[in-house]
Amino acid sequence: MKLVEVTHLIEIPLTVEIPVGPQHPALHEPLLLKLHADGERVVKVDVITGYNHRGIEKLAEKNSFYRDIFIVGRVCGICNAVHANCYVRALEYILDVDPPPRAKYLRVLAMELERIHSHMLILAVNAELAGYETLFMYLMKDREYVMKAKEILTGQRVLADYMMVGGVRRDVDEVKKSRILDIVRRVEERVRYYHNVFREDATINKRLRDAGRIKQVDALANSLVGPVVRGSGVKTDARAHDKYDAYNEIPFNVITEDYGDSYARAMVRFGELYESINMVNYILTHLPQGNPVPDERRLPRRFPEGESYAIVEAPRGELTYYVSSSGGDKPYRVKIRTPSLNNIVNSTFAYIDQMIADVPIILGSFDPCISCMERAVITDLRRGVKYQIPLKVLGGVKK
Amino acid sequence: MTATAQSLVDSLKEYVIKSYTMKPNRVVVEVEASKIRDIFVKLVEVLGKGSFYLATIEGTDLPEKNLIRIDYFINLFKHDTYLVLRAYMPRENPVIPSVIDLIPGALAGELETYDLLGIIFEGNTHLRRSFFVPEDVSSKGIYPLRKDSGV
């Protein structure tokens, strides 16, 4: 019997690899998600990070405690007030400083306004990714009013730099109070309208429901935080646990949903919008008297030895700051753990067995790279070389 | 220290070297680096899986003592308590067993701490340089958060 001589070995990959990012018009963070897909189903996701690491922890070690307040405020544009608040409270714990009640209320006001515009932004993006761009435009328009309210309070619509050790940087008067209340009243009406759109619109429901379902036990084991874990039915919220600033006096509810899909997470955000709006109303009608602005010249230049760990409920979830002082004017170590580190790096399991088309809904965005698909590896056994050809020309290849 | 925290420290007493509080009210428990897995197993046993999560892993370089310190911040959200497990390792060979098979949420923290500080989490096959650090720094074998890294 004559044996057939094997000359070529053809490997056809079972999965295709689709890189999403790091640069893409609709991707909100410079992040690369490598999807491995079998047909339309995702079987594995690798997260490749490091495109935007700015070395802020190292930078914080090299600058003084007070300069770092401005550095940490620039970690994130959207939630700069919570970053600054968490860091400032970590310093206050080390110094044993307790800000006046009015400052505590105003801090919460700034952070809740931030939560309102942050949730409106992500809900707008959810709508856009589901293919509903008109809703995106409307939500973004109304979000702008909240930015205005934040400007009235802090003096800046984005980077507030509102927090100071021992208080806040400026006070509100009666005119500002009534303007903010007026804006919040109008925004609440619009939020009710958008909530109805999310509940009733067929496109939103079809795209968001069942996309990226996360069970309660998985959410906890993988340390997911914020609306993601609350959307899976876990009642955890740093505001309720730690009761920092004025959260022990301002009434609010922790919103949870049980189902754990993208729709449940959107509904948690809507619930939190109402809670935040109520809190803003409560704060502006129950604001304690006093001076919330500390005298900067009287703050201690040198810090005692010590360490502290502050947590804050940022719009995206629990944000933590560890600050260690060895005495002196610079911190020995500042550790920042942002909610997205846990929520993005640890959540790759949520994409498994989902349709490729649902990945943008779960992730935020997605862009398939065609040049990485449709490839087979051919090894020429006689010459010992490997080369690649597209699958579609495989049928015609002779050697 | 709250009653819950006290009873938790008591249940871990065979592993506890020292315990104290960190401001504002975090319960710090110093333990042996090599026992970290046993402690997480014990925590799951005592608390159950659904009542805590590992929030943060933080490493600090202490060149004067020739040590590297690692802190695991655990949020016991059902008891409004924060537990900190603290361990020290020699600076030349900072090795600690990985806990990702017990607590998958440790993944992000372990990857970050390895890349920035060089703590090796034994058993974590996902560890790689340039998770966060730019390649021109990581290719020289520099761990930026070490105090003598020159970064």
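**Close-up 1. Gly155(A), just past the end of helix H5(A), has a positive phi.** In this predicted model, the phi of Gly155(A) comes out at about 95°.

**Close-up 2. H5(A) has a buried side and an exposed side.** Buried here are Leu135(A), Leu139(A), Asp142(A), Arg143(A), Val146(A), Ala149(A), Lys150(A), Leu153(A) and Thr154(A). Look down the axis of H5(A) and these buried residues fall within an arc of 135°, so they line one face of the helix. Part of their cover comes from chain A itself, including helix H4 (101-129) and helix H6 (174-200). On the face turned away from the buried side you'll find exposed residues: Glu133(A), Thr134(A), Met137(A), Lys141(A) and Glu144(A).

**Close-up 3. Strand S9(A) is covered on both faces.** Five of the five residues of S9(A) (333-337) are buried, so the strand is largely enclosed by the rest of the structure. Arg333(A), Lys335(A) and Arg337(A) sit on one side, with Val334(A) and Ile336(A) on the other. As a general point, side chains in a regular strand alternate between the two faces of the sheet.

**Close-up 4. S9(A) pairs with strand S8(A).** S8(A), residues 317-328, and S9(A) go together in the antiparallel sense, over five bridges. For a place to start, pick Ser324(A), whose bridge partner in S9(A) is Arg333(A).

**Close-up 5. Chain B meets chain A.** Here 28 residues of chain B are in contact with 30 residues of chain A. On the chain B side, S3 and helix H3 (106-117) each supply at least two of the touching residues. The largest share, six residues, comes from S3(B). By type, the chain B side divides into 18 nonpolar, five polar and five charged residues.

**Close-up 6. Glu64(B) lies in a loop of chain B.** The loop runs between strand S3 (53-62) and strand S4 (67-76). Is Glu64(B) buried or exposed? Glu64(B) counts as exposed because it has 8 C-beta neighbours inside 10 Å, where the cut-off for exposed is 12 or fewer. For scale, the C-alpha atoms of Glu64(B) and Arg129(B) are 26 Å apart, with the two residues separated by 65 residues along the chain.

Definitions and conventions
Residues numbered from 1 in each chain as written. Chains lettered and ligands numbered in written order. Predicted model: local features only at pLDDT ≥ 70, side-chain atom pairs only at ≥ 80, totals over all residues. Helix = DSSP H or I, 4+ residues; strand = E, 2+ residues; numbered from the N terminus. Buried ≥ 20, exposed ≤ 12 C-beta atoms within 10 Å, placed from the backbone. Contact = placed C-beta atoms within 7 Å. Nonpolar A, V, L, I, M, F, W, Y, C, P; charged D, E, K, R; others polar. Arc of directions from axis to C-beta. Pairing = 2+ DSSP bridges.
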